[in-house]
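Here are my notes from going through this model, in the order I jotted them down. Have the viewer open while you read.

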Amino acid sequence: MEVWQLVLVGLVMLLGLFGVLIPGVPGQAIVWAAVLWWALADTSHLAWGILIGASALLLLNQALRPVLPARRTSRTGAPRRTLLVGGVSGIVGFFVVPVLGGIAGYVGGIYGAERARLGSRRDGWASTRAVMRAAGYSILAELFACLLVVGAWLGALIWG
């Protein structure tokens, strides 16, 4: 695969990651489609293995979706911007501190946005807990699954 195609695949994956944060956009499907595009063009055993692993992980995530709470952020009083800040922080955190930084960045981003909005540490933590119960866990699970797929793709490019 040529470099410009790899850059396009990476941009599509980035679009999918941000699609997870925007209601109505199929972020997981976009990330999976980018991996499929790469695997069809690369045709190595590693590429097909990552496609199979990504398919299994994203299907498992879809199967677990009914177990996780529905996305009802309007009941918490927190603006959608809070989840967007948490999601962007999670994406950045995943690449700064591989894997675990995604979770810490997501929850930390939500807390930071809510603390800035509400003004006190106590209210910020209370609102963060409410946001995580209302929508945060389902978004975190979907975002984390997509981040693992993107991380595997990047690892295959760097070390494969």
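**Notes on helix packing, core and rings**

1. Let's start with H4 and H5, whose axes come within 7 Å and cross at roughly 145°. Axes here are lines fitted to C-alpha atoms, for helices over the stretch in contact, with angles from 0 to 180 degrees between N-to-C directions. The crossing is right-handed, a term for the near helix being turned clockwise from the far one by less than a right angle, with anticlockwise giving left-handed. On the H4 side the contact includes Leu83, Gly86, Gly87, Gly90, Gly93 and Phe94; on the H5 side, Gly101, Gly102, Gly105, Tyr106 and Gly109 are among the partners. Contact means heavy atoms within 4.5 Å.

2. Some bookkeeping before going on. This is a predicted model, where local features need pLDDT of at least 70 and side-chain atom pairs count only at pLDDT 80 or more, while totals for chains, interfaces and linings use all residues. Residues are numbered from 1 along each chain as its sequence is written, and side-chain values use heavy atoms, with hydrogens and water left out. The helix labels come from DSSP runs (H or I, at least four residues; strands are E, at least two), numbered from the N terminus.

3. H1 packs on H4 as well, at an angle of about 145° with the axes 9 Å apart, and this crossing is right-handed. From H1, Leu17, Phe18 and Leu21 take part; they meet Leu83, Leu84, Gly87, Val88 and Ile91 in H4.

4. How do H1 and H6 cross, left-handed or right-handed? Left-handed, with axes that come within 9 Å and an angle of roughly 170°.

5. Now the largest nonpolar core, which has 34 residues. Such a core is a set of buried Ala, Val, Leu, Ile, Met, Phe, Trp, Tyr and Cys residues joined through side-chain atoms within 4.5 Å. Met13, Leu17, Val35, Trp38, Leu83, Tyr106 and Leu143 have the most contacts inside it. Two or more residues come from each of H1 (3–21), H2 (27–42), H3 (45–64), H4 (80–96), H5 and H6. The largest share, 13 residues, is from H6.

6. Met13, in helix H1, is buried at 1% relative accessibility (buried is under 20%, exposed over 50%, partly exposed in between; 1.4 Å probe, protein chains only). Beyond its neighbours within four places in sequence, Met13 is in contact with Val31, Ala34, Val35, Val150 and Trp153. Val9 is also found in H1 and is buried at 0%. With the neighbours within four places set aside, Val9 is in contact with Met1, Ala34, Trp37, Trp38 and Trp153. Val9 and Trp153 are 144 residues apart in sequence, yet their C-alpha atoms are 10.0 Å apart.

7. On the rings, the structure holds two aromatic pairs. Phe94 and Phe95 form an edge-to-face pair, 5.3 Å centre to centre with 90° between the planes. Phe94 is buried at 6% relative accessible area, whereas Phe95 is partly exposed at 41%. Tyr111 and Trp125 form a stacked pair, 4.3 Å centre to centre with 20° between the planes. That pair links Tyr111 in H5 (residues 100–118) to Trp125 in H6 (residues 121–159), 14 residues apart. Tyr111 is buried at 14%, and Trp125 is partly exposed at 39%. For the cut-offs, rings of Phe, Tyr and Trp (its six-membered ring) pair if their centres lie within 6.5 Å; planes under 30 degrees apart are stacked, over 60 edge-to-face, and the rest tilted.

8. Most residues other than glycine have a negative phi. Thr43 has a positive phi of about 55° although it is not a glycine. Thr43 sits in the loop between H2 and H3 and counts as exposed at 53% relative accessibility.
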